[in-house]
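Here is a friendly walk through the fold and the ligand site. Keep the viewer open as you read.

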Amino acid sequence: MIDKWWSERPSIKLSELNPISHGIEGRLGRSPDAVPRILLLGGTGEAAELAAQLASRNDLEFISSFAGRVSCPKYPIGAVRVGGFGGIEGLISYLIMESISVVIDATHPFSVGISRNSEVACARLGLPLIALVRPAWQKQKNDLWHEVITYADAAEFVNRKKGRVFLSIGRQEVGSFAACNDAWFLIRAIEAPTGQLPRHHEILLQRGPFDLKEESQLLRDYSIDHIVSKNSGGSGTYTKIEAARLLGIPVVMVQRPTKHTASAVETVDQVVTELTALLTRTVQDGKQRKEAR
Ligand code: NAP
C-alpha cells in the first residue's frame with residue numbers, strides 16, 4: 001500500500017542531483033515550502049507507534065520502510081515501502097530520489113546492518129538521523145541468566161548441557177544451532193525457519209505478544225531446561241523472561257550488538273520531541289534566511 005502523494009512525486013534523474021547539496025533544506029524538485037519528508041525505518045512496535053503519531057501531523061510527510069522478512073506483515077498507518085534498498089549506495093539513491101529530509105531508525109536492537117547503513121548514508125548526505133533503541137532488559141533478583149556475546153556461544157553452552165531448550169530468537173539465527181546434536185529444541189518463530197536445523201527439534205509458529213500464564217504453561221508443558229533469548233528489551237516478549245524467573249529456569253541471554261556510533265534515544269516520545277525540535281529549527285533558519293535576502 002503506497003499512499004498517493006508518495007507515488008506521484010516528480011521523477012528526477014540521479015545524474016541531475018548533487019548529493020552534497022541535499023541537506024534537510026535541499027529537497028530537490030520540490031517547492032521550498034513543501035513539508036519535510038521523513039523515512040521511518042521500521043519493523044518494531046515502536047515504529048508502528050511512531051507512525052500512528054506522525055500520521056496526525058500536517059507539518060511533515062513520512063513513509064515507513066520494511067525489510068519484507070515476513071509474508072503476512074502487519075503494516076502501520078500511512079505510506080509503506082517494502083524491501084532492502086541495496087546497501088549504502090542504494091539507500092543514498094533512495095534518500096535523494098525521494099527527497100528525504102530526516103531518517104528515523106526505529107529498527108530492532110539486533111538489526112545492525114540497516115542501522116549502520118543508515119548512519120553512513122545520512123552522514124554522506126548531511127541528513128539528520130534520529131536513532132531509537134529501546135532499553136535492554138536488566139537482570140532482576142531470581143533471574144538465572146547466562147550472558148553470551150554470540151549465538152555460537154549460546155549454541156555451545158546449551159549443547160553441552162544436553163537438555164530441552166526453548167529457542168526463542170526468531171528464525172534468522174536458528175542455523176547457529178544446527179550442529180547441536182545433544183540437546184532438544186523447541187523453536188518458536190513467526191514463520192518457519194529455513195536452512196539447517198538442529199537434529200532434535202519441534203517448531204512452534206506463533207506471533208507475540210505472549211501473556212505470562214501462557215508462557216509459564218508452555219515452559220512446563222515442554223519440560224524446558226534452558227531458554228535462549230536475545231536481549232531485545234521491550235514488553236512484547238518479556239513474559240518468557242518473567243516465566244523463567246518464576247519457574248527457576250536459566251536463560252542464555254545473547255547480548256546486544258552495537259548498532260550506532262552516534263547516541264540514540266530510548267522512547268517514541270523522545271523521537272517525537274527531537275524531530276519536532278529539528279523541524280522547528282529548520283523552519284526558523286529558513287525564515288531568517290528569507291528575511292536576510
Ligand atoms: P539487518 O540485519 O539490520 O538488515 C539486513 C538488510 O535488510 C539491510 O541491509 C537492508 O537491506 C534490509 N533491511 C533491514 N531493515 C530494513 C528496513 N526497515 N527497511 C528496508 N530494508 C531493511 O536487519 P534484520 O535484523 O534482518 O531485520 C529486518 C527487519 O526486521 C527490520 O525492519 C527489523 O526492525 C525487523 N526485526 C528484526 C528483528 C531481529 O531480531 N533482527 C526482530 C524483530 C523485527 P539493504 O542493504 O538491501 O538495504
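## The chain as a whole

Among the contacts in the chain with a separation of 6 or more, 68% link residues 24 or more positions apart; two residues are in contact if their C-beta atoms, placed from the backbone, lie within 7 Å. This is a predicted model, in which local features need pLDDT of at least 70, side-chain atom pairs count only at pLDDT 80 or more, and totals for chains, interfaces and linings use all residues. Residues are numbered from 1 along each chain as its sequence is written.

You will find 8 helices and 11 strands in the chain. Both are DSSP runs numbered from the N terminus, with at least four residues (H or I) for a helix and at least two (E) for a strand. Of the 293 residues, 33% count as buried, a label for residues with 20 or more other C-beta atoms within 10 Å of their own, the C-beta atoms being placed from the backbone.

Follow the order 3-2-1-4-5 and you trace an open sheet of 5 strands with parallel pairing; strands pair if DSSP finds at least two bridges between them. Strand 3 (79-82) and strand 5 (129-131) each have a single partner strand, so one side of each of these edge strands has no neighbour in the sheet. From one strand to the next, the twist averages 25°, with axes taken as lines fitted to C-alpha atoms and angles running from 0 to 180 degrees between N-to-C directions.

Within this sheet, 5 bridges join strand 1 (residues 37-41) to strand 4 (residues 100-105) in the parallel sense.

## Strand 7 and its partners

Strand 7 (residues 164-168) is mostly covered, with 4 of its 5 residues buried. Parallel pairing over 4 bridges connects strand 7 with strand 8 (residues 184-189), where Ile187 stands opposite Leu167. Strand 7 also runs parallel to strand 10 (residues 226-230), joined by 4 bridges; there, Phe166 has Ile227 as its bridge partner.

## Around the ligand

Which residues are closest to the ligand? They are Gly43, Gly84, His108, Ser111 and Gly113, in a shell of 24 residues; a residue belongs here if its C-beta atom, placed from the backbone, lies within 6 Å of the ligand.

Strand 2 (61-66), helix 3 (87-97) and helix 4 (112-125) each give at least two residues to this shell, and helix 4 has the largest share, 4 residues. By class, the shell has 8 nonpolar, 15 polar and 1 charged residues. Here Ala, Val, Leu, Ile, Met, Phe, Trp, Tyr, Cys and Pro count as nonpolar, Asp, Glu, Lys and Arg as charged, and the others, Gly among them, as polar.

Definitions and conventions. A residue is buried if 20 or more other C-beta atoms lie within 10 Å of its own, exposed if 12 or fewer, and partly exposed in between; C-beta atoms are placed from the backbone.
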